[in-house]
Amino acid sequence: MPSLHELVRAHTDLVEDDVTWLQRLMADWQILADLSFADLVLWLPDREDKGYWAGGQMRPTTGPTALVDDVLGTFIPTGRRRMLDEAFATGRLVREGDPEWRDDVPVRVEVIPVRRAGRVIATIARNTNLLGVRTPSRLELSYLQTAADLTQMIAAGHFPLPGQRSDHADSPRVGDGFVRLDPAGGVVYASPNGLSAYRRLGLHGDLTGLVLTDLTRDLVPARKRLDEETLSAVLGGRDGRATEVGTDEVTLIVRSIPLRPQGDRSGALLLVRDVTELRSRDRELVTKDVTIREIHHRVKNNLQTVAALLRLQARRTQAEDAKAALEEAVRRVGSIAIVHETLSQAVEETVDFDEIADRLGAMVVDVSGVEVPVRVVREGSFGKLPSEAATPLAMVLTEVLQNAVEHGYTGASHADGSGPAAGRVVVTARRIVGRLHMVVEDDGRGLPGGFDLDTSTQLGLSIVRTLVESELGGVLEIGPGSRGTRVQADLPVE
């Protein structure tokens, strides 16, 4: 389905500020749909005045839908819907006396002009399913009266309000808890869910007639009221934003929408949500994240200790082969330690592998004993990788870089007998449609004659091949490059 931006660019003359206003409206129009028990459709005027484009649609969660099919992106020509034409032309709310019949369902239709900066930029068609209509309860009457106030605010250009929006994950909805305030901050009506939320705070009795700000101060201890000014502004219905209130056992989010249908504030709509369990899970996740990061930190420390012990053993070993093997083990342990160090600083169990690749390149160059200076350069980006892929890939990259530096530039000479003044190893990484393509190419002396990966007995290459093909599920290729050696690995990534 087309997005609002796509429809605006393709079919209308609306400017960017108009689109921003409509996006803010659509972020909050679930409230209007639920209070109205109606489907909402946003209609945009065609730039050539030929008709109207459906730029958005919202169904209610409090009642039956009146629109079974999606209408987003559809077009209605001028003259087809008199109410749309009239609302755009007059800038006033238009109601139809008799309901429309759609698939044997009576539907009442109203069209609300959307005003910004003194001009009508769109309209909202409100479609109410009248099937099974009965005498409304006090809850439904309070909903409908508040919906009427919001409707007048939209038509006058006073809604949406700046500040917090309803499309935030933990923002309260109409069904979570509804409280209507008078201009002085007294409770005119509270839905059963709104009343239950305050009873969990410690209220005994009813909310109606109480001043919500004073009541909340009585129920919430002073040490939990960190911002008295925000508390008064939100719970008094004067400021259109949200705040959290609660005790040690209960946490509520309260969002205020001041109501100004005639310009002056006539009261406020408060939406209340009990987020006690949500905050408890958040704390558990924070604790879990901290624990995981601490584990990675300790693993990194332990690996560094192991590397230090291996390095100490290498210094005391007389046999050159054994010393070289221990030094290789130190580098392999070090590459894993770098991954765990990065994970210990990350919030998620993914790592930015570009940082790891750069550190590995620097580490390999620092510990190499080649006669010429070698520089490792990265081109492209590995992106973020999950920890289970980052560790084996770090070992693969360490081994490949180590081979490139040691075997490519130790006693290096080209076919003409000249030796390189400096070496350059290029690590290229590309993410393409769920795969990571990595190439490591040097300008060293190249592969020895008759080299065959399948018959090679080098431990480093065996490790690389096992990790790439078995651990990472990828494909490894080693062959001559433009001047030296070229190693390619193609790996599946999420």
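Let's start with a word you'll need: two residues are in contact when they have heavy atoms within 4.5 Å of each other. In this chain, take the contacts between residues at least 6 apart in sequence: 61% of them join residues at least 24 apart.

A quick note on what you're looking at. This is a predicted model, where local features need pLDDT of at least 70 and side-chain atom pairs count only at pLDDT 80 or more, while totals for chains, interfaces and linings use all residues. Residues are numbered from 1 along each chain as its sequence is written, and side-chain values use heavy atoms, with hydrogens and water left out.

Now the overall build. The chain has twelve helices and 19 strands (DSSP runs, numbered from the N terminus: H or I of at least four residues for helices, E of at least two for strands). Its radius of gyration is 34 Å, well over the 23 Å that the globule rule gives for 494 residues, so the chain is more spread out than a compact globule. That radius is taken over C-alpha atoms, and the rule is 2.2 Å times the number of residues to the power 0.38.

What about the inside? Buried residues (under 20% relative accessible area, with a 1.4 Å probe and protein chains only) make up 49% of the 494 residues. The largest nonpolar core has 49 residues, and F353, F382, L393, L397 and L436 touch the most other members. Such a core is a set of buried Ala, Val, Leu, Ile, Met, Phe, Trp, Tyr and Cys residues joined through side-chain atoms within 4.5 Å. Helix 11 (residues 387-409) gives this core its largest share, twelve residues. Apart from it lies another core of 37 residues, including L7 and V8.

Technical notes:
Buried means under 20% relative accessible area, exposed over 50%, partly exposed in between (1.4 Å probe, protein chains only).
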